[in-house]
Amino acid sequence: MCKFGKFLLKFLGIALVLNIGLFCAFFFDLDGKLLFNVVEPFLKDHYDNMERKDTLKTPYDIHKFPKYDYDS
Amino acid sequence: MDIKKALKDFWYGKPHTAEEGGRRLGDLHEDKTHLYKHREWRGFKDTMYYFYMIWLYNYIFMVKDVMVMGGLVNFAKGVWRYRWVGQTYLPVLHWFDRGLEGMRGEAMKASAWHYRAMVSTTIRQFQRMFAADTRLHGGKQNDLYKHTIAHNETVWGGVFYPWDGEIQNVPLEMIPYFVTCHVNSHTVLNYIDAVQSIGLPGDPCPMCQAESGIFVLDDVPDYAPAVVTCNEACDASVSTSTLQDWFFDKPLFSLPMPMIFDDPLVKKYCMREIEELWKFVEQQYGIPFSWEKLVKKLEQQNELQRFEWEKWEVAGKSDYYPINGVAQALYRIYQTQYGDWEIWHVTDKKVRKILEKCVSKKINSFPQTRHRVIAWSCAPLYYSNWCTWAYNCWGLNVIINMDSLMFDMTIRTDSYEHTLEDMAQYHMWAPMRRMAVGGMRHMFELWEYMEKFNCDMVAMYDQLQCKGVQGLHGLFEDEFRDRNIHAFWVPHALPDSRTVSRAEIRRLINDYMTTVMHEEPLDPSLLDFDDSMTW
């Protein structure tokens, strides 16, 4: 078999395996199961424990910016 | 085993109804989480289309969008910093699944293109936020920051058309709040609880609560030097603006949405407010107003509206409309509120082809329709896909909804005065304003649209925490009786799935369909299931 033929077969083989793998992930909702059971809990834990600014301590200075004048 | 039937099911998918053997969509899901045991087999062609052209295509193009619109580094930083993006948008393909469940052929394709456009626009917005965000860039105000303007999500993006290509408008809440509720209903609860934790009572509109809560939890990117707020559809949101003014701490322009908007004097006032807004933008950014840009963008937006009218014509006068209720509703409100953008035109072109094919070949994409439904008032954001369930379970086909109909107008561009007048009209017909709290005349536009879309049933949303609509519940009941219209109520608390669960909404519809309509479900496996933990 020529070099190109071998390459083509190899390429088609890889493409086929990749397609079958991706289809299994799709059909059995492996993306959903991963996101729901692993990724989301991990991220939620991260967000729940993040240090956050206490926004209530932000002074509410309503005169900070120049007064807006309407055209009369 | 009946080989012939198995082969037929493999090629065409199982039939919809229980009498024909039934596909039993309810059995595909795990209890509580509602994750799929396995995704639906829609027949060979449709399953392959869903796999390649929806699932794989959207995963690939989401990555592409992220890379092109701001880059992977900004995205990763954003995901790590902001809950609303990390917790919400990763499972976006399951949002597709919920909306497109049971769809076949052209309905599946056309509806999916609508979802694709919304995903792309969502990515574009949050990537712009992250690329400009001083918090993700060591406090630096980069060039993108200096050319971005923040605004309330119900301020129509069209008011910024005069600066197209120079200033990018990015709504404050559309992506951190509104879209999250549809994709992952859990995220928003953090923000509602946050604002109540500082003393706000639990009964105001949960939309206003959530929008304020994002600020309370310090979860808003600092992506623009100035902000435009408004009172949204109701004056409860005025307090949202106050909290935003406090926490965002930027030069702020408040663009009011008049409550009584049929008065010509009010329109004059509104026109003047828009002009004042333009002056504010010019002052803050130092970039002059461009009439040419405004006209160009408005013409493009008018083009979108004209296609929408063509779609409505098909929806109202035939059975060949290929877009399902949830795709119609979300795409339309997203497009009309955010304003003109290239992706809408690309999508409309694709949908036009499908629409024309359906009409010319007389393809009925919803062959199990028993009732043509119009959905009125504001929908539950955490269960916008209830209409997909309702079609699959009961044959209730939501043809059109109130949110799609609010901006039923093009904008004249023949003179400055006409343009401004129409823009004011558009602004005043804001989401939830015109037909939800816009006075009796507009709320009762329902009857006209019901006729126009040839509907025989109403799904009446009842936002339990909207004080504006509550008082009208009885009036609608009276009208339904007088006009002999079949109508069922869908109570909900907009983003908050804890007040009325999805299961409760389904139970109420099931009750109506069995006790009032005396009908049998098309797919009994969808009558009662536990999806209490689902996204």
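Tutor: B:Ala459 touches B:Val373, B:Ala375, B:Val398, B:Phe488 and B:Val490, leaving aside residues up to four places away in sequence. Two residues are in contact if their C-beta atoms, placed from the backbone, lie within 7 Å. This is a predicted model: local features need pLDDT of at least 70 and side-chain atom pairs count only at pLDDT 80 or more, whereas totals for chains, interfaces and linings use all residues. Residues are numbered from 1 along each chain as its sequence is written, and chains are lettered from A and ligands numbered from 1 in the order in which they are written.

Student: Which residues have the most contacts inside the largest nonpolar core?

Tutor: They are B:Val373, B:Ile374, B:Ala375, B:Ala390, B:Val458, B:Ala459 and B:Met460, in a core of 169 residues. Helix H6 (residues 105–132) of chain B gives the largest share of this core, 15 residues. A nonpolar core is a set of buried Ala, Val, Leu, Ile, Met, Phe, Trp, Tyr and Cys residues joined through C-beta atoms within 7 Å. A residue is buried if 20 or more other C-beta atoms lie within 10 Å of its own, exposed if 12 or fewer, and partly exposed in between, with C-beta atoms placed from the backbone. Helices (H or I, at least four residues) and strands (E, at least two) are DSSP runs, numbered from the N terminus.

Student: In what order do the strands S5, S6, S7 and S8 of chain B stand in their sheet?

Tutor: The order is S6-S5-S7-S8, in an open sheet with parallel pairing. Strand S6 (396–401) and strand S8 (486–492) of chain B are the edge strands, each pairing on one side only. Two strands pair if DSSP finds at least two bridges between them. From one strand to the next, the twist averages 30°.

Student: What packs on that sheet?

Tutor: Helix H20 (residues 445–452) of chain B does, touching strand S5 (371–376), S6 and S7 of chain B. The direction of H20 makes about 150° with that of S5(B). Axes are lines fitted to C-alpha atoms, for helices over the stretch in contact, and angles run from 0 to 180 degrees between N-to-C directions.

Student: How many bridges join S7(B) to S8(B)?

Tutor: Seven bridges join strand S7 (residues 457–463) of chain B to S8(B), and the two run parallel. B:Met457 has B:His486 as its bridge partner in S8(B). S5(B) and S6(B) are also paired in the parallel sense, over five bridges, and B:Arg372 has B:Asn397 as its partner in S6(B).

Student: Why is S5(B) largely enclosed?

Tutor: Six of the six residues of S5(B) are buried, so the rest of the structure largely encloses this strand. On one side lie B:His371, B:Val373 and B:Ala375, and on the other B:Arg372, B:Ile374 and B:Trp376.

Student: Now the backbone. Is B:Leu494, with its positive phi, buried or exposed?

Tutor: B:Leu494 is buried, with 26 other C-beta atoms within 10 Å. Its phi is near 45°, a positive value in a residue other than glycine, and B:Leu494 lies in the loop between S8 and helix H23 (502–516) of chain B.

Student: Finally, how many residues of chain B are in contact with chain A?

Tutor: 25 residues of chain B are in contact with 24 residues of chain A.
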